[in-house]
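Please look through the structure below before reading on, and keep the sequence at hand while following the explanation.

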Amino acid sequence: MYTCPHCLSPTISGWRKSNSALLRPTRCPTYRGKSRISGWGLLVSSLGSEVLLWGGLVVVLLLGNPYALLLIPVSLVLLGSIVNRTFPLVPIGDRMLFNNVLDRPRDDVER
Ligand SMILES: [Zn+2]
């Protein structure tokens, strides 16, 4: 589990962290605050995925062994794990400021 940037509790799973983005943020189950992986993490994840996918296909064609295709999803999972451990979650929305200042959830925001 990874630390939520709103409440600093380990509530975000690795799957939810690696699938988070600006338009599809992950939501903390405790404070319901939205967050996403950092921009650098998204860049490394996107470019790394492209390199692994296309590079893996070239390697498979050069080797002529179709079982080498199995290395592509394994390497993508490894890349996701490295990105999750290297880059932090960043908070999204106005709840971040309010929670940091008063350290309690807002009542007027829908949950
Ligand atoms: Zn939280």
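Predicted model: local features only at pLDDT ≥ 70, side-chain atom pairs only at ≥ 80, totals over all residues.

The paragraphs that follow take up a helix, its partner, the loop that joins them and a nonpolar core.

Helix α2 is hardly covered, since the count of buried residues among its 25 residues is 2. After α2 comes Gly 64, a residue whose phi is positive, near 75°.

The partner of α2 is helix α3, made of residues 71–86, and the axes of the two helices come within 10 Å and cross at roughly 165°. Because angles over 145 degrees count as roughly antiparallel, α2 and α3 are described as roughly antiparallel to each other. The crossing in which α2 passes α3 is right-handed. On the side of α2 the contact is made by residues including Gly 41, Val 44, Gly 48, Leu 52 and Gly 56, while α3 contributes, among them, Leu 71, Ser 75, Leu 79 and Val 83.

In the loop between α2 and α3 lies Leu 69, which counts as exposed because it has 12 C-beta neighbours inside 10 Å. Leu 69 and Leu 57 are 12 residues apart in sequence, and their C-alpha atoms are 7.3 Å apart in space.

The largest nonpolar core has 5 residues, namely Cys 4, Ile 12, Cys 28, Ile 37 and Leu 89. One of these, Ile 37, is in contact with Lys 17, Ser 20, Leu 42, Phe 87 and Leu 89, leaving aside its neighbours within four places in sequence.

How values were computed: Residues numbered from 1 in each chain as written. Buried ≥ 20, exposed ≤ 12 C-beta atoms within 10 Å, placed from the backbone. Helix = DSSP H or I, 4+ residues; strand = E, 2+ residues; numbered from the N terminus. Core = buried A, V, L, I, M, F, W, Y, C linked by C-beta atoms within 7 Å. Contact = placed C-beta atoms within 7 Å. Axes fitted to C-alpha atoms, helices over the stretch in contact; angles between N-to-C directions. Parallel < 35°, antiparallel > 145°, perpendicular 65-115°, else oblique. Left-handed = near helix turned anticlockwise from the far one by under 90°.
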